[in-house]
Amino acid sequence: MEKRVVFRSAWLPYVLLAPQLAITVVFFFWPAGQAIWYSFQLQDAFGLQSEFVGFDNFTSLFADPHYLESFKTTAVFSVAVAGLGIMISLLLATMADRVVRGALIYKTVLIWPYAVAAAVAGVLWAFLFAPSIGIVTFVLKGFGIDWNWIINGDQAMLLIIIASVWKQISYNFLFFLAGLQSIPKSLIEAAAIDGAGPARRFWTIVLPLLSPTAFFLLVVNIVYAFFDTFGVIDATTQGGPAQATQILVYKVYHDGVKAADIGGSSAQSVILMIIVIALTAVQFKYIERKVQY
Amino acid sequence: MVEKRPLLDFITHAVLIVGAFVIAFPLYVTFVASTLSLDEIMSVPMPLLPGSHFVENYSQVLFAGSTTGSQEAVLSMLLNSTVMALAVPLGKITISILSSFAIVYFRFPLRNFFFWMIFVTLMLPVEVRIIPTFKVMADLGLLNTYAGLTLPLIASATATFLFRQFFMTIPDELAEAARMDGAGPMRFFWDVVVPLSKTTMAALFVIQFIYGWNQYLWPLLIASDESMYTVVIGIKRMIVGGDAANEWNLIMATAMLAMLPPGTRGNRKMSEQ
C-alpha cells in the first residue's frame with residue numbers, strides 16, 4: 001500500500017520520526033543489544049570485571065535443572081491459562097450470544113475484570129484463598145480439603161492459573177462475542193431448517209467459522225501467559241514454594257534483580273527474545289493468511 | 001434465536017449465572033472487605049455483607065497509608081498512577097501520529113528501514129530486557145523520576161501501525177486539494193489529518209490509559225522510592241508476608257481504588273460501542 005499523493009521535503013520526515021526513533025533506540029535496541037552482549041560475558045557481582053565466555057552462560061543454563069524445570073513450569077502454566085481461558089470464554093460467549101433476557105447484565109459483569117491490573121487480580125485471589133482467613137479456603141475446609149498454597153506447590157500453581165484466567169476471560173469473551181455476532185444468521189437458520197440441532201450447528205458451523213478468532217486468541221493468550229502474568233506471580237507466590245511457580249520471565253527477574261547474576265539472566269533474556277520472535281512470526285503468518293480469505 | 005428450547009434456555013442462563021458469579025465474586029468480596037474492620041476479616045469466615053468501616057478504611061489509606069509494609073499515603077500513589085496513565089497515552093499518541101505521518105506522506109531514503117525498526121520493537125517486551133534496560137535507566141539518571149516511569153513505555157509499534165493503517169484510508173483527494181490550495185505538509189497535518197484522526201486517538205487513549213495505569217514490572221524496577229510508587233505497586237508493598245499479618249481491610253480498600261479509574265474508563269468505552 002502506497003500513497004499516490006505525497007509531500008516533498010528533504011528534512012521534515014526525519015524530524016517527524018526523530019522522537020519515536022530516539023526512544024526506540026535508547027530504550028529498546030540499546031538494552032536488547034546489551035542483553036545479547038552480557039549473555040556472552042561472565043561478570044562479578046559488582047559489575048566491576050567481566051570476561052568473554054562465549055556460550056558458557058547458555059550451556060550452564062541448559063545444564064541447570066532449575067532452568068529446565070522452569071521451562072516445564074512455563075509450559076504447564078501457559079497451556080493451562082490459554083486452554084482454560086479460551087474454552088471458558090468460548091462457552092460463556094456462545095451462551096451470552098444466545099440469550100435475549102438479561103443479556104446486557106451478563107455481558108457487563110463478564111467484562112468487568114478487563115481493566116483490572118494483573119497484580120491486583122493476584123492479590124484478590126490470594127485473599128480469597130488465604131490459608132488461614134480466606135473465604136474459599138474456609139469452604140474447601142468444609143469439604144475436607146486442606147488448602148495452603150504457601151507450602152503446597154500444586155495449589156500455588158492452581159492459584160496463579162485461576163487468577164490469570166479470571167483476568168483474561170473478559171478479553172477473550174469480547175473477541176468471541178464479536179466473532180459470533182459476525183456469523184450470518186442465515187447460515188444458522190438454514191442449518192436449523194435442515195434439522196440440525198443446536199449442538200450440531202455449533203460443531204459444524206459456528207466453531208469452524210470462529211477458528212480464526214480462536215487461533216488469534218491462542219497466540220495472544222500464550223503471550224499473555226508468558227509475560228503479562230508476571231504481576232500475578234510477583235504479587236502472590238513470587239515463584240515459590242520451592243520454584244513451583246517460577247515461570248521463565250519470573251526467573252529472569254529473580255536471577256537478574258534479586259540474585260544479581262547478570263550473565264545468566266541476560267542469557268535467559270536472549271532465549272526469551274527468541275521465543276517472542278518465534279511467536280510473533282507465527283502471528284504474522286496467521287495475519288497474512290487472514291488477508292487472503 | 002432459531003427455535004424454542006426451554007431446557008437449553010435454562011442451561012444457558014444457569015451457565016451464565018455461574019460464570020457471572022465467579023467473575024464478580026472476587027470483586028464483591030474485595031468491596032466487602034474494604035468496609036470491614038481488620039478483626040471482622042480475621043474472624044473466619046469473614047462476613048459477606050458490607051460493614052460499617054467504609055469511611056474509616058478509605059480515609060486511612062488515602063491520607064495515612066497502611067502501618068505495615070509500605071507506609072506511603074495512597075493519595076500520592078494515585079497521583080503517580082494518574083501521571084503515568086495520562087503521560088503514556090498522550091506521549092504515545094503524539095510520537096506515533098508524527099512518525100506514521102512521515103512514513104505515509106513522504107518518500108525519503110531509509111523509509112522502510114525506519115518503519116521496520118519501529119515495528120520490531122513488538123518483539124522486545126520489557127520482560128525480556130529487564131536487566132540491561134534497568135542499567136540504561138540508571139546510567140541516564142532516570143530512576144525514581146516520572147520521565148523514567150513513562151518515557152520507555154511511550155514507544156509503541158502498535159500505535160504507529162494503527163495510525164498508518166488509518167492514514168492509508170484517508171482519500172488522496174484531500175491531500176491533492178490541500179496541495180493545490182498551497183498548504184504545506186504541516187498545515188495539512190494540523191487541518192486535515194489531526195481532525196480526521198480524533199476517533200482513532202480517542203480509542204487509543206482509553207486502551208493506553210488502562211495500560212499505563214496497570215503497569216507493574218516497569219514501575220517495580222524504576223520506582224524504588226516510596227514517594228514514586230504507583231498504586232498497583234503500593235498494594236503489593238502492603239503485603240508483608242504471612243496472611244494473618246497483613247492489614248487486609250486497607251489492602252482491599254487500596255485495591256478498590258486501584259480498580260476504579262481504569263474500570264470506569266473501560267466500561268465507558270464498551271458502552272460507546
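**Helix packing and the A–B contact**

Visitor: At what angle do H5 and H7 of chain A pack?
Guide: Helix H5 (residues 118-128) of chain A and helix H7 (residues 153-181) of chain A pack at about 130 degrees, axes 9 Å apart. Axes are lines fitted to C-alpha atoms over the stretch in contact, and angles run from 0 to 180 degrees between N-to-C directions. Helices are DSSP runs (H or I, at least four residues), numbered from the N terminus. This is a predicted model: local features need pLDDT of at least 70, side-chain atom pairs count only at pLDDT 80 or more, and totals for chains, interfaces and linings use all residues. Residues are numbered from 1 along each chain as its sequence is written, and chains are lettered from A in the order in which they are written.

Visitor: What does that make H5(A) and H7(A) to each other?
Guide: Oblique. That class is what remains after under 35 degrees (roughly parallel), over 145 (roughly antiparallel) and 65 to 115 (roughly perpendicular).

Visitor: Which residues of H5(A) make the contact?
Guide: Ala118(A), Ala121(A), Gly122(A), Trp125(A) and Ala126(A). Contact means C-beta atoms, placed from the backbone, within 7 Å.

Visitor: Switching to chain B. Which residues are buried in H5?
Guide: In helix H5 (residues 111-119) of chain B, Phe114(B), Phe115(B) and Ile118(B) are buried. Buried means 20 or more other C-beta atoms within 10 Å of the residue's own, exposed 12 or fewer, with C-beta atoms placed from the backbone.

Visitor: Why are they on the same side of H5(B)?
Guide: Because they cover an arc of only 100 degrees around the axis, taken from the directions from the helix axis to the C-beta atoms.

Visitor: And which are exposed on the other side?
Guide: Asn112(B), Phe113(B) and Trp116(B).

Visitor: What do the buried ones pack against?
Guide: Helix H1 (12-39) of chain A, together with helix H4 (74-105) and helix H8 (157-168) of chain B.

How values were computed: Helices (H or I, at least four residues) and strands (E, at least two) are DSSP runs, numbered from the N terminus. Two residues are in contact if their C-beta atoms, placed from the backbone, lie within 7 Å.
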